[in-house]
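Below are some notes on the fold, the core, the ligand shell and the backbone of this model. They are set out as numbered points, to be read beside the coordinates.

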Amino acid sequence: MELPSPASGELELLEYVPERDFTQCLDLMQGNIPRYFLAEDLSDFEQWLMTRKCPFFVCWLGNEIVGCGGYSLTPNATGRLRRGMVRQSCHREGLGSYLLCVRIARMRSEGVRDLYVDTSQHSEGFFLRHGFRVISRLQNGYGPGHDRVELHLHLPDRAGHSIDSPMLDEAWLRRANAKPARLRPGMHHREP
Ligand SMILES: CC(C)(COP(=O)(O)OP(=O)(O)OC[C@H]1O[C@@H](n2cnc3c(N)ncnc32)[C@H](O)[C@@H]1OP(=O)(O)O)[C@@H](O)C(=O)NCCC(=O)NCCS
């Protein structure tokens with residue numbers, strides 16, 4: 001069954017629906033190869049999308065998905081970011097931060113206190129910018145030219161107690177529904 005894609009012209013955050021979003025998500029990753037992902041990551045992502053059980057969100061803008069990301073809850077009040085990515089032509093417009101913020105807000109409400117992500121050195125700077133700290137690094141861990149970098153962010157448990165991050169303070173998290181303003185359908189964004 002083919003579902004209509006949200007085409008209101010506004011950025012829309014929706015829960016992933018396989019029938020509607022599967023192909024677009026693969027296309028999203030494809031556009032980030034080879035700079036951020038290896039070609040073989042595509043079949044791995046395809047498999048993950050087909051078997052995924054964790055929360056996973058997509059951002060539609062006009063007739064295309066411009067970002068996606070999920071998370072899983074792991075033991076002892078920990079969580080892990082899963083498969084976060086932004087369409088390459090929309091990088092550096094605030095969408096990655098928005099998706100991160102939405103997921104952190106949800107994970108906090110589910111009791112997560114320590115958040116982990118693994119990514120490559122090509123996106124490490126994004127997480128450092130949000131207060132994450134590197135806990136391990138494996139050179140070429142994903143494949144040639146793609147190191148595996150594990151990062152951590154502590155989320156304090158007391159309401160009103162700020163996260164140790166230059167960007168993810170409480171006021172910022174309260175704006176988890178404030179979508180990046182500059183993204184418009186069909187807009188030609190600068191290439192990174
Ligand atoms: C990582 C990613 C999600 C960031 O998304 P984005 O929408 O470009 O990020 P934002 O525009 O919200 O950037 C927020 C801040 O992080 C910085 N930043 C973003 N990407 C960066 C990068 N690759 N390296 C260093 N800093 C980066 C921005 O400069 C910005 O800082 P500023 O406000 O001082 O300018 C995006 O680059 C991406 O999809 N990469 C490929 C997939 C990937 O590697 N995902 C990581 C998890 S597997």
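1. Two definitions come first. A nonpolar core is here a set of buried Ala, Val, Leu, Ile, Met, Phe, Trp, Tyr and Cys residues joined through C-beta atoms within 7 Å. A residue is buried if 20 or more other C-beta atoms lie within 10 Å of its own, exposed if 12 or fewer, and partly exposed in between, with the C-beta atoms placed from the backbone. This is a predicted model, in which local features need pLDDT of at least 70 and side-chain atom pairs count only at pLDDT 80 or more, while totals for chains, interfaces and linings use all residues. Residues are numbered from 1 along each chain as its sequence is written.

2. Overall make-up. Helices (H or I, at least four residues) and strands (E, at least two) are DSSP runs numbered from the N terminus. The protein has five helices and seven strands, and from the N terminus on these elements follow the order β-α-α-β-β-β-α-β-α-β-β-α. Of its 192 residues, 27% count as buried.

3. The core. The largest nonpolar core has 35 residues, and those with the most contacts inside it are Cys59, Ile65, Val66, Cys68, Leu95 and Leu115. At least two residues of this core are supplied by each of helix H1 (18–30), S2, strand S3 (64–74), strand S4 (78–86), helix H3 (95–109), strand S5 (114–119) and strand S7 (146–154). The largest share, seven residues, comes from H3. In soluble globular proteins, nonpolar side chains tend to be buried together.

4. The sheet. Two strands are taken to pair if DSSP finds at least two bridges between them. On that basis there is an open sheet of seven strands in the order S1-S2-S3-S4-S5-S7-S6, with mixed pairing. Strand S1 (12–15) and strand S6 (133–143) stand at the edges with a single partner strand each, so one side of each is left without a neighbour in the sheet. Neighbouring strands of this sheet are turned by 25° against each other on average, direction ignored; the axes behind this angle are lines fitted to C-alpha atoms (for helices over the stretch in contact), and angles run from 0 to 180 degrees between N-to-C directions.

5. Strand pairs. S1 runs antiparallel to strand S2 (residues 56–61), to which four bridges join it, and glutamate 12 stands opposite tryptophan 60 in S2. S3 and S4 are also antiparallel, joined by seven bridges, with glycine 70 opposite arginine 82 in S4. These two strands, S3 and S4, form a hairpin with three residues between them, and asparagine 76 in the turn has a positive phi of about 60°.

6. The parallel pair. S4 and S5 pair in the parallel sense over three bridges, and the bridge partner of glycine 79 is leucine 115 in S5. Together with H3, S4 and S5 make a right-handed β-α-β unit; a crossover is right-handed if, with the strands pointing away from the viewer, the path from the first strand over the helix to the second runs clockwise. In the loop between H3 and S5 lies valine 112, which is buried because 22 other C-beta atoms lie within 10 Å. Valine 112 and proline 156 are 44 residues apart in sequence and 9.1 Å apart in space, C-alpha to C-alpha.

7. The ligand shell. Which residues are closest to the ligand? Of the 18 residues that surround the ligand, the closest are His91, Gly96, Ser97, Ser123 and Gly125, where a residue is near a molecule or strand if its C-beta atom, placed from the backbone, lies within 6 Å of it. S4, H3 and helix H4 (121–129) each supply at least two residues of this shell, and the largest share, five residues, comes from H4. By class, the shell has five nonpolar, 10 polar and three charged residues; Ala, Val, Leu, Ile, Met, Phe, Trp, Tyr, Cys and Pro count as nonpolar, Asp, Glu, Lys and Arg as charged, and the others, Gly among them, as polar.

8. Backbone points to check. Most residues other than glycine have a negative phi, and most peptide bonds are trans. Arginine 83, in strand S4, has a positive phi of about 55° although it is not a glycine. Arginine 92, in the loop between S4 and H3, has a positive phi near 65°. The peptide bond from isoleucine 33 to proline 34 is cis, with omega near 5°, and proline 34 is found in the loop between H1 and helix H2 (41–51).
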